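I opened this notebook to record what I looked up in the model, beginning with the sheet and ending with an annotated residue.

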Amino acid sequence: ANGPVTLWARDPAHADEMRKTRENARRLPGITLPDAIGIATDFDTVSPGLPVLLAVPMQQLRGMAETHAAALQDHPLVACCKGIELKTGQGPTAILSSVLPGAHSAILTGPSFAADIARGLPTALTLACADPDMGETLQEALSTPALRLYRTTDTVGAELGGALKNVIAIAAGAVMGAGLGDSARAALMTRGYAEMTRLAVAMGARPETLAGLSGFGDLVLTCTGAQSRNYRFGHALGAGADFDPTITVEGAATARAALSRAHEAGVDLPITAAVVALLDGSVSVLQVMDRLLSRPLKEE
Ligand SMILES: NC(=O)C1=CN([C@@H]2O[C@H](COP(=O)(O)OP(=O)(O)OC[C@H]3O[C@@H](n4cnc5c(N)ncnc54)[C@H](OP(=O)(O)O)[C@@H]3O)[C@@H](O)[C@H]2O)C=CC1
Ligand SMILES: O=C(CO)COP(=O)(O)O
């Protein structure tokens, strides 16, 4: 809507196909790409100074930034991925700063299925940028009549909200897949939110960021929206069904990364620990629920 925009694709054959069909049949089937979107396989065609949105899976972000470091350093960078890097425990903006020292980076996150945005359905997101002036410029540039961006300087809170809600969504899917009911899911979401906030605040986040779109908002969407891959993966785990291993499920690696950050910080993450145990196959959903319910009673 605010075009022109260049969509960069790594695979020339895929780019050719999208130019011909005006559709990304592999990743966003059924959506016609607007005329204002040009398709490129060369980063250098993007004018310096224009923002670049990096929409790759979390565990691929560092490699992608390293490969294209020379081209990326002339642009404000907006990471769109949600997660914690397994090998370093870092979030997207810390990764971009370590690969591209001096780069200006931000994060765009919150409750939004790509297909909803592409259809022009109303959506609100958080744009987090440590530099308030750059944050304001990006907020103006990326907001549209259907896509309303709120801004914050709390990148840690926005990143951790988006990362940790995926772990809770796996748990919510597992509860529903195992037939444990809506009440159990509501309890899990609420205690999951407490857990997300506990770790994020220990990492330096502001609690009100977790209460916003990037935390609570995305938790609600991903724990209840059937489009969510994290929820669907959890549902398959709970139901003992197969799940296509090529589908991106960010919460799986992030659960492990979050748990090790929590151990370092002395923070208790019982639901995240339960998700990791489920992923390891060491317990069943019913055993996990039993463990969670038999913890000592405490104040809310
Ligand atoms: N889909 C959604 O609704 C939303 C997704 N997100 C977040 O966005 C991030 C990406 O998700 P999504 O796009 O859905 O994931 P997909 O798995 O659907 O697509 C991944 C994209 O990243 C590209 N890619 C993967 N690895 C590399 C690499 N090493 N170098 C360059 N490009 C690469 C893929 O290219 P190719 O097609 O060539 O394989 C593809 O375009 C995730 O962190 C997710 O949480 C956030 C909000 C909503
Ligand atoms: O982050 C998302 C919605 O805000 C997308 O969720 P999934 O990655 O679970 O599909």
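**Sheet and annotated site**

I looked up the sheet: an open one of five strands, in the order S3-S4-S5-S6-S7 with mixed pairing. Strands S3 (52–54) and S7 (147–152) are at the edges with a single partner strand each, so one side of each has no neighbour in the sheet. Direction ignored, neighbouring strands are turned by 30° against each other on average.

I noted the provenance: this is a predicted model, in which local features need pLDDT of at least 70, side-chain atom pairs count only at pLDDT 80 or more, and totals for chains, interfaces and linings use all residues. Residues are numbered from 1 along each chain as its sequence is written, with chains lettered from A and ligands numbered from 1 in the order in which they are written.

For terms, I took helices (H or I, at least four residues) and strands (E, at least two) as DSSP runs numbered from the N terminus; strands pair if DSSP finds at least two bridges between them.

I checked S4 (residues 77–79) against S5 (residues 105–109): they pair in the parallel sense over three bridges. Val-78 has Ala-106 in S5 as its bridge partner.

I then turned to Lys-165, which the UniProt annotation "active site" covers in an unreviewed entry; such annotations may be inferred rather than shown by experiment. Lys-165 is in helix H7. It counts as buried (20 or more other C-beta atoms within 10 Å of its own), because it has 34 C-beta neighbours inside 10 Å. Beyond four places in sequence, its contacts include Met-196, Asp-218 and Thr-222 (C-beta atoms, placed from the backbone, within 7 Å).

Key
Axes are lines fitted to C-alpha atoms, for helices over the stretch in contact, and angles run from 0 to 180 degrees between N-to-C directions. A residue is buried if 20 or more other C-beta atoms lie within 10 Å of its own, exposed if 12 or fewer, and partly exposed in between; C-beta atoms are placed from the backbone. Two residues are in contact if their C-beta atoms, placed from the backbone, lie within 7 Å.
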